[in-house]
Amino acid sequence: MSFASRPAQALRSASRRASRASPKVAPKQASYSVLARAAVSNVPRRSTVASVRGIKTLDFAGTKEVVYERSDWPLSKLQDYFKNDTLAIIGYGSQGHGQGLNARDNGLNVIVGVREGGSSWKAAQEDGWVPGETLFPIEEAINRGTIIMNLLSDAAQSSTWPTIAPLITKGKTLYFSHGFSVVYKEDTHVIPPSDVDVILVAPKGSGRTVRTLFKEGRGINSSIAVFQDVTGKAKEKAVALGVGIGSGYMYETTFGKEVYSDLYGERGVLMGGIQGMFLAQYKVLRANGHSPSEAFNETVEEATQSLYPLIGEKGMDYMYNACSTTARRGALDWAPVFEKANLPIFEKLYESVKNGTETRKALEFNSRKTYREDLAKELKEIDEQEIWRAGKTVRSLRPDYKA
Ligand SMILES: NC(=O)c1ccc[n+]([C@@H]2O[C@H](COP(=O)([O-])OP(=O)(O)OC[C@H]3O[C@@H](n4cnc5c(N)ncnc54)[C@H](OP(=O)(O)O)[C@@H]3O)[C@@H](O)[C@H]2O)c1
């Protein structure tokens with residue numbers, strides 16, 4: 001199923017029209033809500049497409065799963081559903097920014113809560129949140145909010161919990177974008193009060209992407225989950241909030257499965273694994289006398305610019321078929337060798353996630369006073385590796401290169 005479906009296209013072109021016409025910082029109840037409403041009302045009510053849109057059970061390689069879709073929540077319904085609510089976005093990092101602005105542009109009543117005077121306070125003001133009106137210190141925002149969206153860093157969710165917990169009173173809803181704090185409660189000590197709904201909407205991408213896809217009239221894929229359902233409406237609320245913050249499709253999961261798969265994936269193929277694999281391949285090429293440009297092109301540039309987009313477009317066999325028969329033969333032979341070599345590493349990694357080792361490391365590291373500088377130092381070391389220095393020159397030769 002492609003996101004470039006008809007309603008999405010309608011929304012996209014409406015959004016494009018507006019981005020030309022509207023100011024950068026939109027006022028409350030801003031232009032996107034108007035646009036989105038216009039686009040949704042342009043969608044044919046009973047076409048072949050419409051009849052298969054909305055909640056659906058889909059067959060994922062033989063397993064049936066329920067998928068929730070934005071089209072079941074036209075903006076008028078969404079705004080009506082949350083008309084008595086105040087969404088309090090607590091924390092204004094990449095998710096606070098993306099989710100907060102999207103919900104605001106969808107016409108929902110949103111406020112932001114962050115530490116006064118910190119870098120997030122400044123960033124929120126730059127995005128048009130007004131101190132005393134829509135921007136408050138954390139505790140005040142929680143007191144004013146009915147849906148408390150805890151988007152502090154995972155380490156901060158743990159360290160601030162003793163202050164925050166007493167403010168999450170009966171009738172409020174507690175929302176997370178990661179299962180981390182609740183699932184690893186022995187380490188985080190985040191134990192939600194028993195009389196509130198506790199839900200999760202976890203966008204499968206950075207908060208910046210949450211925002212850019214929304215602005216393009218598309219929507220990010222998100223996981224949704226319910227940890228505690230006091231009102232009997234927790235799942236419905238999670239789906240509605242998923243739409244509110246800019247999701248296109250929502251996949252149901254549990255807090256546990258969300259956090260295990262997320263920590264595992266980012267340490268594996270998404271980030272840690274790919275850096276390790278790129279570097280190992282590059283080093284062997286260099287050790288055998290290949291130049292930096294040749295080693296980089298054959299390891300990273302061809303992967304990211306040519307082959308991986310083909311996998312994204314139509315799958316692995318499609319990418320294989322786009323390559324020479326020589327390449328296909330060799331790749332078919334070597335894929336199982338890599339699978340066998342990597343399987344024990346992935347098993348070890350999953351166990352390290354599940355038994356909380358990864359969580360404890362992340363909490364310890366990210367609670368240090370110097371965590372930003374310490375992370376920056378290690379990332380600088382990566383940036384200075386020969387492979388990535390060679391990459392800068394290779395990229396500079398791209399026709400569409402921007403410094
Ligand atoms: N980023 C992603 O790609 C992504 C994707 C899906 C889900 N998530 C989840 O979404 C949540 C938010 O993640 P994020 O990446 O947007 O946030 P983040 O960048 O990790 O955290 C940013 C916020 O935490 C605040 N903060 C940090 N330490 C604090 C402290 N001791 N007291 C008070 N505030 C503190 C920062 O405020 P100051 O500026 O004042 O320090 C900032 O507003 C997390 O649960 C994360 O796992 C993230």
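Colleague: Which residues do ring pairs link into a cluster?

Modeller: This is a predicted model, in which local features need pLDDT of at least 70 and side-chain atom pairs count only at pLDDT 80 or more, while totals for chains, interfaces and linings use all residues. Residues are numbered from 1 along each chain as its sequence is written, and side-chain values use heavy atoms, with hydrogens and water left out. Rings of Phe, Tyr and Trp (its six-membered ring) pair if their centres lie within 6.5 Å; planes under 30 degrees apart count as stacked, over 60 as edge-to-face and the rest as tilted. The cluster linked by such pairs consists of Phe 180, Tyr 184, Tyr 260, Tyr 264, Phe 346 and Tyr 350.

Colleague: What kind of aromatic pair do Tyr 81 and Phe 82 form?

Modeller: The structure holds 14 aromatic pairs. For Tyr 81 and Phe 82 the centres are 5.0 Å apart, and the angle between the planes is 90 degrees. Because edge-to-face is the term for planes over 60 degrees apart, the pair of Tyr 81 and Phe 82 is edge-to-face.

Colleague: Is Phe 82 buried or exposed?

Modeller: Buried means under 20% relative accessible area, exposed over 50%, and partly exposed in between (1.4 Å probe, protein chains only). Tyr 81, at 26% relative accessibility, therefore counts as partly exposed. Phe 82 has a relative accessible area of 3%, so Phe 82 is buried.

Colleague: Which helix gives the most to the shell around the ligand?

Modeller: Helices (H or I, at least four residues) and strands (E, at least two) are DSSP runs, numbered from the N terminus. Three helices, α5 (94-105), α6 (119-126) and α8 (154-164), each supply at least two residues of the shell. With four residues, the helix that gives the most is α8.

Colleague: How much of the ligand does the protein bury?

Modeller: A polar contact is a pair of N or O atoms within 3.5 Å; within protein, one must be able to donate a hydrogen and the other to accept it, and residues adjacent in sequence count only if both atoms are side-chain atoms. An oxygen atom of the ligand is 2.8 Å from a polar backbone atom of Tyr 92, and an oxygen atom of the ligand is 3.2 Å from an N or O atom in the side chain of Gln 157. Accessible areas come from the Shrake-Rupley method with a 1.4 Å probe, and for residues only the protein chains shown count as cover. Taken alone the ligand exposes 900 Å², and the share that the protein buries is 78%.

Colleague: Which side chain makes a polar contact with the side chain of Ser 181?

Modeller: Ser 181 lies in helix α9 (residues 180-183) and is buried, with a relative accessible area of 0%. Contact means heavy atoms within 4.5 Å. Leaving aside neighbours within four places in sequence, Ser 181 is in contact with residues including Asp 154, Phe 176 and Thr 188. The polar contact, at 2.6 Å, is with the side chain of Gln 157.

Colleague: And which side chain makes a polar contact with the side chain of Ser 222?

Modeller: Ser 222 lies in strand β9 (residues 220-228). At 1% relative accessibility, Ser 222 counts as buried. The polar contact of its side chain, at 2.8 Å, is with the side chain of Ser 247.
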